[in-house]
Structures are given as C-alpha cells and as structure tokens.
Amino acid sequence: MRILLAITSSISAYKTPMLVSMLKKQGHNIICAVTKNAQNMVGVKALETMSENKVITDLWQEDDILRHININKDTDIMLIAPADVNIIGKIANGICDDAVSTIACAYTKKKYFAPAMNPHMWLNKANQRNVKYLIEELEYELIKPESGDMACKDNGVGRLANIDTIIKTIGSCNSLKYNNINFTITSGATKEWIDPIRYITNNSSGKMGASIYEEILSNGGRSVYIEGQVNTPLNVDKDDKKIKIDTTKELQNNVLNELDNTDILLMAAAPLDFRPAKFFDKKVKKQNINSIELIANDDILASTKDKKKNNTLIVSFAAETAENDEELKNYAVDKMNRKGADMIVANKIEDAVGKDTNKITIFFKDGRFKSYPILKKSECAREIVSTAVSEWKRKNNINE
C-alpha cells in the first residue's frame, strides 16, 4: 500500500521514523509530508533515509506544481500522525497555508488522523468540535489518543496511539483494495506430450504466479487461477476459481474462456512455444526414434487481441537470456508490441529461475518503464499488481 504520512508539530513526531521503518518492513511505500514546525521535532533526512522517498516540506519547492493534487495518484491513504491541534483546526475550517493543510484539502482517498497533544488541548471544546467535524463531515477515521503520562508532565488523554495500533488500523483498509476488480492469473509450466509417459516442459516453478495470487487475495481481489506444472500446487480461496491445465492448448482455451469476465489478465505462466508434431499413442522404443519433429504452438497472448474486452488490461512476462539491460529492454518491448500487451514484466532468467527473489523491470506501451532492485517474489508481486491496477484504472479513466 502507498501511504502519505503527514507529520505535524507534536513532540510525538520523534516516533515517526520508527513508524516509517515498521511500515516499510511490511512492504508499504511511504511518502512523508512535514509541516514547518514539525521539522523542529523530527529530522527530514531521517525520514528520507527511512522512507527512501523525498519528504514534502514546501509545495513551492516541488518540481510538480500540482503536487498537492497529484499526490492522490501516488498514494492509497493519507495518515496524519501525529495530528496536532493546529492541523485539526486548519483542516476543519478549510485553511490551506502550508503543504500538509493544502494536501489535506485536496485529498480524496481514505484519510486517518492520530491526534497527539496535551490533555487540556485535547479536551478543549473548539478542538473537540473540529475533531467531530473531521469524522462526521470530512470522513476522516480517528485513531484515538491514549491516556498516560505526557512529556509536559501532565497525565491524561492525549498521547499518540501506540504504533502497533496505528499500523493495525490503517492495515484494515488495505484488505478490500482490489475487491471490485476481476483478475485472471496463469502460473507454472505447460507440458507437451511425446507419448503416454514422456513429455517436454520447462523449469518454471510457478512461484511468481502464486505470489501474484496471494497479493491479490490479501487485498480483497477475486481471481481465476490457471495452474500448470508447478513445484507446489496452490490452494485458492473458496470464493476463487482454480483451473488445472496440462498442455499449452488447454492453457489457451481456458484463458480465452475467462476473458469476458477478466479486468486484468496476468500471464505469469511459462507456456511452451512448440510441441511434438506427432503424438505416439504407445511408448516409443528408443531404438525406433532418432529425432522428434517440433511444430509451433499458437501464441496465447496474440490470440487474446481480438477476443478481449477493450477495458481489459493484459500483463505479459518475459524471462530472457539477455546479455545486458538494453538487450532485455529490446526483447521485452518487441514482445509486448507484437502480442498486444499493455505492459510487460521483464527479467533475466538467471535472476529468477529456482530462486525466491527476482529483479524485474516493467515496460509500458507509451515508453515508460520502472526498474526495481532485487526483491523477494512476494515484493515483486506487490509492485506488479499495484502497477497493473493503476494502469487498468488509467486505461479506463477511473479516478484512484
């Protein structure tokens, strides 16, 4: 999940680098926005180091002059923690005189605020009125402050909620992020039979496809999971559909059959490009065969061009024996264009096969690309699915 963390001038701001660190460890991407006064409580460099993103401090210093608007496209939720009396009052009354208050006024997605202040300030009637307005009128979700000893030596309600409580609360909204999107995922290798006991195949493990399915499931998406030969067969959720296939033709038929009900097709399987020209119905004796003639299989992705809905997003995958990044790009972009995919996930074979990690680059039809460092396949899946959903929404003019 992509989180905009807005930090204001409570002494509790010193806890935010730890909050960022813990969110990062869970796989979230964090962009911090800090008020001028909050910079007296927490270091911008510390936040940039922990988040690995530039911190927003002044909209006038941003390269994007519409940063306060476009941040909606770059994040899934806004969390104001700690939220001081000042920012609560500004948001409640529509005041936009700094980066955080201006972003808050324009933010259209899920919003949380975790107040932290002196107990007397928390109970102040004007503050309580503003808190109520944020909840009831502006649809913020309150992460309640806790009771205890304060930095100012007072005791009462006003302490920032426990970091674990904050993480658990915002994590609950993540579970339904993809609940209105229908996915079809292909995974594993196909087989092509020579005779009743022998076949040709490849060494795809199916780990990438399984990781993609788990990422979608954890975010509330519904999937059709088409599984070929894999190292470990996947048990899918009771509300999802699993189809077990054997040959490339079976994979093609099932992909085409599911297209009408598919918003995003992720072709993570490794189908064989060719098959034996002849199937022997009895076991072939080794002394009776000197060679096996191969013929090309249908191109599954190419066959989806004329049968998919206009709003369906097609995600292709390319594992190549490229010598360098430029060669990988050329292979991937050519494949994407020939087969009519909307985006393609490319990697070098040696970076992925048989491993729990991968190093991917995602290429898009308009020339854009995203490169990633070596990641766990589960982390790759998170980036692939999140990017695919963003592209699907962009393709269909759906506001994020």
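Biologist: Two strands pair if DSSP finds at least two bridges between them. In this predicted model, what is the bridge partner of I264 in β16?

Modeller: I264 has L313 of β16 as its bridge partner. Strands β13 and β16 are joined by 3 bridges and run parallel.

Biologist: In what order do the strands of that 8-stranded open sheet come?

Modeller: The order is β12-β11-β8-β13-β16-β17-β19-β20, and the pairing is mixed. The edges are taken by β12 (241-244) and β20 (369-371); each has a single partner strand, so one side of each is left without a neighbour in the sheet. On average, and with direction ignored, neighbouring strands here are turned by 15° against each other.

Biologist: Which strands does α9 lie across?

Modeller: Helix α9 lies across β8, β11 (222-227), β13 and β16, and runs at about 160° to β8.

Biologist: And what does α12 lie across?

Modeller: Helix α12, residues 325-339, lies across β16, β17 and β19. Its direction is at about 145° to β17.

Biologist: Next, the largest nonpolar core. Which members touch the most other members?

Modeller: This core has 31 residues, and those touching the most other members are F183, I212, I264, L266, V315, F317 and I384. At least two core residues come from each of β8 (182-187), α9 (207-218), β13 (264-267), β16 (313-320), β17 (343-348), β19 (361-364) and α13 (377-395). Helix α13 gives the largest share, 7 residues.

Biologist: With which residues is L266 in contact, leaving aside neighbours within four places in sequence?

Modeller: L266 is in contact with F183, T184, I185, T186, I212, I216, V315, F317 and I384. Apart from this core lies another one, of 28 residues, including L23, I77, A116 and I166.

Biologist: Changing topic: N358. Where is it found, in which strand? Is it buried or exposed?

Modeller: N358 belongs to strand β18, residues 357-358. The relative accessibility of N358 is 4%, and buried means under 20%, so N358 counts as buried.

Biologist: Which residues does N358 touch, not counting those up to four places away in sequence?

Modeller: N358 touches M208, N347, D351, A352, P373, I374, L375, K377 and C380.

Biologist: Let us move to the open sheet of 5 strands. What is its order?

Modeller: The order is β2-β1-β3-β4-β5, with parallel pairing. Strands β2 (29-34) and β5 (140-142) are at the edges, and each pairs on one side only. Neighbouring strands of this sheet are turned by 25° against each other on average, direction ignored.

Biologist: How many bridges join β4 to β5?

Modeller: Strand β4, residues 110-115, is joined to β5 by 3 bridges, and the two run parallel. In β5, L142 is the bridge partner of F113.

Biologist: Last topic, the helices α1 and α2. At what angle do they pack?

Modeller: Helix α1 (residues 16-25) and helix α2 (residues 44-51) pack at an angle of about 10°, and their axes are 9 Å apart. Angles under 35 degrees count as roughly parallel, and α1 and α2 are therefore roughly parallel to each other.

Biologist: Which residues of α1 and α2 make the contact?

Modeller: Helix α1 contributes T16, P17, V20, S21 and K24, while α2 contributes A46, L47, M50 and S51. By class, this contact of α1 with α2 has 5 nonpolar, 3 polar and 1 charged residues.

Key. Residues are numbered from 1 along each chain as its sequence is written. This is a predicted model: local features need pLDDT of at least 70, side-chain atom pairs count only at pLDDT 80 or more; totals for chains, interfaces and linings use all residues. Side-chain values use heavy atoms; hydrogens and water are left out. A nonpolar core is a set of buried Ala, Val, Leu, Ile, Met, Phe, Trp, Tyr and Cys residues joined through side-chain atoms within 4.5 Å. Buried means under 20% relative accessible area, exposed over 50%, partly exposed in between (1.4 Å probe, protein chains only). Helices (H or I, at least four residues) and strands (E, at least two) are DSSP runs, numbered from the N terminus. Contact means heavy atoms within 4.5 Å. Axes are lines fitted to C-alpha atoms, for helices over the stretch in contact, and angles run from 0 to 180 degrees between N-to-C directions. Angles under 35 degrees count as roughly parallel, over 145 as roughly antiparallel, 65 to 115 as roughly perpendicular and the rest as oblique. Ala, Val, Leu, Ile, Met, Phe, Trp, Tyr, Cys and Pro count as nonpolar, Asp, Glu, Lys and Arg as charged, and the others, Gly among them, as polar.
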